[in-house]
Amino acid sequence: MTYPICLYGNPVLKIKAGKVKKDKVDVIKLSHDMFETMYSADGIGLAAPQIGISLRIFVIDGASLDEKDLEDFKRVFINPQIITVTGNFWEFKEGCLSIPNINEFVSRREEITISYYDENWKFHTDRFDGMKARIIQHEYDHIEGKLFTDYLSPLKRKLLKGKLTSISKGICDVPYKIKASK
Ligand code: NI
């Protein structure tokens, strides 16, 4: 099943998500539904708070970016922990399914090491760089209650204020199911 995607302004996007408990959550079903929701919205990443579930889980599938490196980068991250963030900062225009039709440059570091469980509760510790590291950092921010707009300069945010207010009221043109704050 697909869920509606919570939009900017919805309080669930601003709170730190709780740990996924193995005996309480069917992560196979949840991750399946998250992928389905993400594909329906043409996204490359989706975190549980974006569907109104305040849990530390996100899914990524980079195939649609059409980059060799990302072709088979499909993964579920459960209770992830970023261990190190290293390398140089680089800028890239990011977008977010919760903030439709806004793309802004965000500066992030090149490399991360992260530990996490997959949907079979297998534990991993992996190093990622480049676009993979960027997507993971963006999704990880979601479970920490952070959005890419939090990185923008006060001026930039001021310029976007009208658009963001509209989005928070559910006034935006998107081809997927959405849920505004009220
Ligand atoms: Ni996002």
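**Figure 1. Contacts of glycine 45 in the predicted model.** Glycine 45 touches Met38, Gln50, Val59, Ile60, Leu97 and Glu139, with residues up to four places away in sequence not counted. Contact means heavy atoms within 4.5 Å. Glycine 45 sits in strand β2, residues 45-47. Helices (H or I, at least four residues) and strands (E, at least two) are DSSP runs, numbered from the N terminus. The relative accessible area of glycine 45 is 8%, so this residue is buried. Buried means under 20% relative accessible area, exposed over 50%, and partly exposed in between (1.4 Å probe, protein chains only). Valine 106 is 61 residues from glycine 45 along the chain, and their C-alpha atoms are separated by 16 Å. The model is predicted: local features need pLDDT of at least 70, side-chain atom pairs count only at pLDDT 80 or more, and totals for chains, interfaces and linings use all residues. Residues are numbered from 1 along each chain as its sequence is written, and side-chain values use heavy atoms, with hydrogens and water left out.

**Figure 2. Aspartate 42, in the loop between α1 (27-40) and β2.** Aspartate 42 is not a glycine, yet has a positive phi of about 60°. Most residues other than glycine have a negative phi. With a relative accessible area of 71%, aspartate 42 is exposed.

**Figure 3. Tryptophan 121, in the loop between β5 and β6 (123-129).** Here too a residue other than glycine has a positive phi, near 60°. Tryptophan 121 has a relative accessible area of 18% and is therefore buried.

Figure 4. Strand β5 spans residues 104-117 and holds serine 115. Serine 115 counts as buried, at 9% relative accessibility. Contacts of serine 115 are Asn79, Pro80, Gln81, Ile83, Phe123, His124 and Thr125, leaving aside neighbours within four places in sequence.

**Figure 5. The largest pocket.** Its volume is about 480 Å³. Of its 26 lining residues, Ile44, Glu94, Gly95, Cys96 and Leu97 are the closest to the centre. The largest share, 6 residues, comes from α2. The lining divides into 13 nonpolar, 8 polar and 5 charged residues. Ala, Val, Leu, Ile, Met, Phe, Trp, Tyr, Cys and Pro count as nonpolar; Asp, Glu, Lys and Arg as charged; the others, Gly among them, as polar. A pocket is an open set of points on a 1 Å grid over the protein atoms alone, where a 1.4 Å probe fits, with protein on both sides within 12 Å along at least five of seven lines; lining residues have an atom within 4 Å of a point. Grid points are joined across faces, edges and corners, and a volume is the space filled by probe spheres set on the points.

**Figure 6. The whole chain, for context.** The chain has 3 helices and 7 strands. Along the sequence they follow the pattern β-α-β-β-β-β-β-α-α-β. The radius of gyration is 16 Å, close to the 16 Å that the globule rule gives for 182 residues, so the chain is as compact as a globular protein of that length. That radius is taken over C-alpha atoms, and the rule is 2.2 Å times the number of residues to the power 0.38. Buried residues make up 47% of the 182 residues. Among contacts with a separation of 6 or more, 66% join residues 24 or more positions apart.
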